Amino acid sequence: AAGVIQSPRHLIKEKRETATLKCYPIPRHDTVYWYQQGPGQDPQFLISFYEKMQSDKGSIPDRFSAQQFSDYHSELNMSSLELGDSALYFCASSRRTGGQPQHFGDGTRLSIL
Amino acid sequence: GENVEQHPSTLSVQEGDSAVIKCTYSDSASNYFPWYKQELGKRPQLIIDIRSNVGEKKDQRIAVTLNKTAKHFSLHITETQPEDSAVYFCAAEYFGNEKLTFGTGTRLTIIP
């Protein structure tokens with residue numbers, strides 16, 4: 001079965017640079033979620049989109065923005081990167097109208113030097 | 001907002017024994033409770049979930065129980081195997097709100 005696809009898998013940036021993470025949800029899933037997971041921590045919700053509209057917002061810094069496109073893929077844009085942004089970034093998708101659970105992608109490991 | 005507490009943070013059990021992980025949640029509006037298994041550096045993988053209209057759900061060696069009155073739910077793994085070693089996260093969600101609030105995780109180690 002198709003899964004959530006995230007790219008890139010690994011990304012190395014320097015402080016103050018920008019980064020863009022991409023997420024392709026499972027086909028026919030209408031909702032995308034972004035989570036940030038620091039080392040040894042639980043995933044923290046950042047933001048979600050339902051039918052291309054922002055549906056909920058969590059602890060996402062103002063330096064970050066995201067959107068969902070007409071083909072349902074989503075991008076997380078991160079600017080003025082800081083050392084503390086180093087983490088695993090997971091995208092999850094679900095079929096909200098069907099009450100389906102969230103399934104996670106393999107994540108993007110972002111390292112800030 | 002929702003707050004989920006998870007215990008214990010680490011758990012070691014002998015292969016073949018049972019493991020139990022417990023979680024409590026704060027928001028009585030939460031109505032969906034999934035459990036995820038995460039191996040080091042990999043994605044959280046859904047292993048079982050339960051909705052608030054059900055008290056117990058079982059899938060082979062894994063079972064989850066829910067006590068809505070006490071606002072706690074538990075994961076039970078029987079006949080543990082070495083491949084069960086991982087970090088397990090409970091989570092809570094209000095369908096309609098939809099963001100998952102995770103517990104802090106339990107590192108389960110199965111001793112051969």
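Biologist: Which residue is the bridge partner of A:I5 in β3(A)?

Modeller: A:Y24. This is a predicted model, where local features need pLDDT of at least 70, side-chain atom pairs count only at pLDDT 80 or more, and totals for chains, interfaces and linings use all residues. Residues are numbered from 1 along each chain as written, chains are lettered from A and ligands numbered from 1 in written order, and side-chain values use heavy atoms, without hydrogens and water.

Biologist: How do strands pair, and how many bridges join β1(A) to β3(A)?

Modeller: Strands of a sheet pair through backbone hydrogen bonds, either parallel or antiparallel. Strands are DSSP runs (E, at least two residues), numbered from the N terminus. Two of them pair if DSSP finds at least two bridges between them. Here three bridges join β1(A) to β3 (residues 19–24) of chain A, and the strands run antiparallel.

Biologist: What is the strand order in the open sheet of four strands?

Modeller: β1-β3-β8-β7 in chain A, with antiparallel pairing. The edges are β1 (5–7) and β7 (64–68) of chain A, each pairing on one side only. Neighbouring strands of this sheet are turned by 15° on average, direction ignored. Axes for that angle are lines fitted to C-alpha atoms.

Biologist: Which strand pairs with β11(A) in the parallel sense?

Modeller: β2 (residues 10–13) of chain A, over four bridges. A:H10 stands opposite A:R109. Strand β9 (residues 87–94) of chain A runs antiparallel to β11(A), joined by three bridges. There A:L88 has A:R109 as its bridge partner.

Biologist: Which residues form the covered face of β11(A)?

Modeller: In a regular strand the side chains alternate between the two faces of the sheet. In β11 (residues 108–112) of chain A, the covered face holds A:T108, A:L110 and A:I112. A:R109 and A:S111 form the uncovered one.

Key
Axes are lines fitted to C-alpha atoms, for helices over the stretch in contact, and angles run from 0 to 180 degrees between N-to-C directions. Buried means under 20% relative accessible area, exposed over 50%, partly exposed in between (1.4 Å probe, protein chains only).
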